[in-house]
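Below is what I looked up, in the order I got to it.

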Amino acid sequence: MNDNIIKTQRTKHYILLDVVITIFAWCGFIYLVASGFARNFFNIYHMPVKASIPEAINSLLFYCVIMIILALILIGWAFYNKKRFRVERRKRREEIGLKTIAESFDLDPNVLEALQTYKISTIHHDRDAKITQISALHR
């Protein structure tokens, strides 16, 4: 079961929510099917029994055909995505160095190093929005 088509990390909260919704949906499905059979079996509509049985079988066959079509669409879509994303088409970007960042933001490399060193800091700017000073609050 480790070779799933769709791989996601889910928290326990979402797993529990998924289980509750699934149980609720199955209970609703079983109720609807059982009530349909009960109506036909106990002949609530006072139809002749021979007339109600083929109607129930036709309804079940129709539901089965719809379920098979939807399952084939879902499985086909999953295999299509598995084939499509088999190869990672995106390339990882190059690491950006401190020198490049300093040049991009017009910073002194010492100021940039101070920004990375301190966990919490106060940054002082001049009128042109350039960083003038960094005060360390917490290392």
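**Overall layout**

I started with the fold: the protein chain has four helices and two strands. I took these as DSSP runs numbered from the N terminus, with helices being H or I over at least four residues and strands being E over at least two. Along the sequence, the pattern reads α-α-α-α-β-β.

A note on the model: it is predicted, so I kept in mind that local features need pLDDT of at least 70 and side-chain atom pairs count only at pLDDT 80 or more, while totals for chains, interfaces and linings use all residues. Residues are numbered from 1 along each chain as its sequence is written, and side-chain values use heavy atoms, with hydrogens and water left out.

Next I checked burial. Of the 139 residues in the protein chain, 8% count as buried. Here buried means under 20% relative accessible area, exposed means over 50%, and partly exposed is in between (1.4 Å probe, protein chains only).

**Aromatic pairs**

How many aromatic pairs does the structure hold? I found three. Rings of Phe, Tyr and Trp (its six-membered ring) pair if their centres lie within 6.5 Å; planes under 30 degrees apart are stacked, over 60 edge-to-face, and the rest tilted.

One of them is Phe62 with Tyr63: the ring centres are 6.3 Å apart and the planes at 55°, so I noted the pair as tilted. Phe62 and Tyr63 are both exposed.

Another is Trp77 with Tyr80, also tilted because the planes are at 40°, with the centres 5.6 Å apart. Trp77 and Tyr80 sit three residues apart in helix H2 (residues 49–84), so about one helical turn separates them. In general, an α-helix has 3.6 residues a turn, so residues three or four places apart point the same way. Trp77 counts as exposed because its relative accessibility is 52%, whereas Tyr80, at 43%, is partly exposed.

**A nonpolar patch**

I then looked for nonpolar surface. Phe37, Leu60, Phe62, Tyr63, Val65, Ile66, Met67, Ile69, Leu70 and Ile73 form a patch with about 980 Å² of accessible area together. The rules for patches: residues have over 30% relative accessible area and no salt bridge, with like charges joined within 9 Å and nonpolar side chains (Val, Leu, Ile, Met, Phe, Trp, Tyr) within 5 Å. A salt bridge is a side-chain nitrogen of Lys or Arg within 4 Å of a carboxyl oxygen of Asp or Glu. Areas come from the Shrake-Rupley method with a 1.4 Å probe, and for residues only the protein chains shown count as cover.

Helix H2 supplies the largest share of this patch, nine residues. Ile73 is in H2, and its relative accessible area of 54% makes Ile73 exposed.

**Helix H4**

Which residues of H4 (residues 109–117) are buried? They are Val111, Leu112 and Ala114. Viewed down the H4 axis, they fall within an arc of 160° (taken from the directions from the helix axis to the C-beta atoms), so they line one face of the helix. Pro109, Asn110 and Gln116 are exposed on the other side of H4.

**Cysteines**

I searched the whole structure for disulfides (cysteine sulfur atoms paired within 2.5 Å) and got zero. Cys27 is partly exposed at 48% relative accessible area, and Cys64 is partly exposed at 36%.

**The two strands**

Ala129 lies in the loop between strand E1 (120–125) and strand E2 (131–138). Its phi is near 70°, a positive value in a residue other than glycine. Ala129 is exposed, at 57% relative accessibility.

Thr122 is in E1 and is partly exposed at 30%. Thr122 and Ala136 are 14 residues apart in sequence, yet 6.5 Å apart in space, C-alpha to C-alpha.
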